[in-house]
Amino acid sequence: MNEQTDIDESRHRHHGKRVYLAFAGLVIVAGFCWLGTHEWKKHLTVSGVIVEGEHILTKDDIVKLSQISLKTNMYDADLSGIGANIERNHFVKSVAVTRDAPGIIRISVVERTPIALLVPPGEAELLSVDEEGYVLPHASSRSMFDLPVISGVDSAAGIPVGQKTTQGDILGAIEALSVAREVSSELYHMISEVRIRSGHDMVLYSADTGIPILFGRGDAAKKLVTLDAFWKKFITQQGTQDIRYIDVRFDGQVVVSSRPAESQPAKKSS
């Protein structure tokens, strides 16, 4: 019995040594792998930058903002610092910077998309605003050419670039354009100008012949849905040549005034 016990203990000791040796071997291999990886990383340099999501800014703009230097060590690059550099530009809403081994820095940006151009009082250069009311600087970009204009801004009020505007008239114009874009792309692009006329009714102007559309204030969604239906049913077929103005201030109605005659009664369309 004792002899069998001695044999079993000897086997356990032998097996234990094999386990310890195997574990030690794995530790040594892992150590060499870590050292090899560490040495490998020390020799990796930034060989290129990939930019994604840019529309208003160019790739060159974003790379310049990032302040990334090629041939610097890949793993010495401060990704959060690069992102912070890019976010200083007012058109950048958010940014993600990642490493794409062996040598690529990948930058994914989400830009603020202007919904309208803004005519600052007493200024020659146009600004722009996004749907959140964030005021953006002038930019020479193809995507800015087909934007409606918000005019009639109160000359007594400042327009802080890089901040959200608090002016109720501008926010009302932005709301109207945002709703128009949701109703239909055609309706949004039909509007060339929103004149806010501080303290008075807001007026829209059509892109084709500049027909005034008396819009008033409030109920933007209801008015724009009504206007869209009217425009598609009547204006698309008959044109605007005989129209002096369109009035959507009345609940569920579109009132059309013809050009020529003061004596001719206004046409109504429900």
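Strands β2 and β3 pair in the antiparallel sense over eight bridges; two strands count as paired if DSSP finds at least two bridges between them, and helices (H or I, at least four residues) and strands (E, at least two) are DSSP runs numbered from the N terminus. The model is a predicted one, with local features needing pLDDT of at least 70 and side-chain atom pairs counted only at pLDDT 80 or more, while totals for chains, interfaces and linings use all residues. Residues are numbered from 1 along each chain as its sequence is written, and side-chain values use heavy atoms, with hydrogens and water left out.

For the protein chain, the secondary structure comes to six helices and 13 strands. Of its 270 residues, 37% count as buried, where buried means under 20% relative accessible area, exposed over 50% and partly exposed in between (1.4 Å probe, protein chains only). Contact is taken as heavy atoms within 4.5 Å. Among the contacts in the protein chain with a separation of 6 or more, 52% come from residues 24 or more positions apart.

Back to the sheet. β2 and β3 belong to an open sheet of three strands, ordered β1-β3-β2, with mixed pairing. The edges are taken by β1 (48-52) and β2 (92-100), each with a single partner strand, so one side of each has no neighbour in the sheet. On average, neighbouring strands of this sheet are turned by 20 degrees against each other, direction ignored. Axes here are lines fitted to C-alpha atoms, for helices over the stretch in contact, and angles run from 0 to 180 degrees between N-to-C directions.

The two pairings can be taken one at a time. β1 and β3 (residues 104-111) pair in the parallel sense over five bridges; V51 has I107 of β3 as its bridge partner, and I50 stands opposite R106 in β3. A hairpin of three residues joins β2 to β3. P102 is found in that loop between β2 and β3, and the peptide bond from A101 to P102 is cis, with omega near 10 degrees.

In a regular strand the side chains alternate between the two faces of the sheet. For β3, the covered face holds I105, I107, V109 and E111, and the uncovered one I104, R106, S108 and V110. Helix α3 (residues 79-87) lies across β2 and β3 and runs at about 150 degrees to β2. In α3, L79, G81, I82, G83, N85 and I86 are buried, and what covers the buried residues of α3 includes α2, β2 and β3.

S66 ties several of these pieces together. S66 lies in α2 and, at 1% relative accessibility, counts as buried. Leaving out residues up to four places away in sequence, S66 touches I82, N85, I86 and I107. Q67, by contrast, counts as exposed at 57% relative accessibility. Q67 lies in the loop between α2 and α3, and its phi is near 60 degrees, a positive value in a residue other than glycine.

Further along the chain, there's a helix pair to look at. The axes of helix α4 (residues 168-183) and helix α6 (residues 220-238) come within 9 Å and cross at roughly 45 degrees. That makes α4 oblique to α6; angles under 35 degrees count as roughly parallel, over 145 as roughly antiparallel, 65 to 115 as roughly perpendicular and the rest as oblique. From α4, the residues E175, A176, V179, A180 and V183 meet A220, A221, L224, V225 and D228 of α6. By class, this contact of α4 with α6 has eight nonpolar, no polar and two charged residues. Ala, Val, Leu, Ile, Met, Phe, Trp, Tyr, Cys and Pro count as nonpolar, Asp, Glu, Lys and Arg as charged, and the others, Gly among them, as polar.

Also in α6 is L227, which is buried with a relative accessible area of 0%. Not counting residues up to four places away in sequence, L227 touches L187, M190, I213, I246 and V248. The C-alpha atoms of L227 and V248 are separated by 7.0 Å, with the two residues 21 apart along the chain. D219 is found in the loop between β10 (212-216) and α6. D219 has a phi near 55 degrees, again a positive value in a residue other than glycine, and at 56% relative accessibility it counts as exposed.
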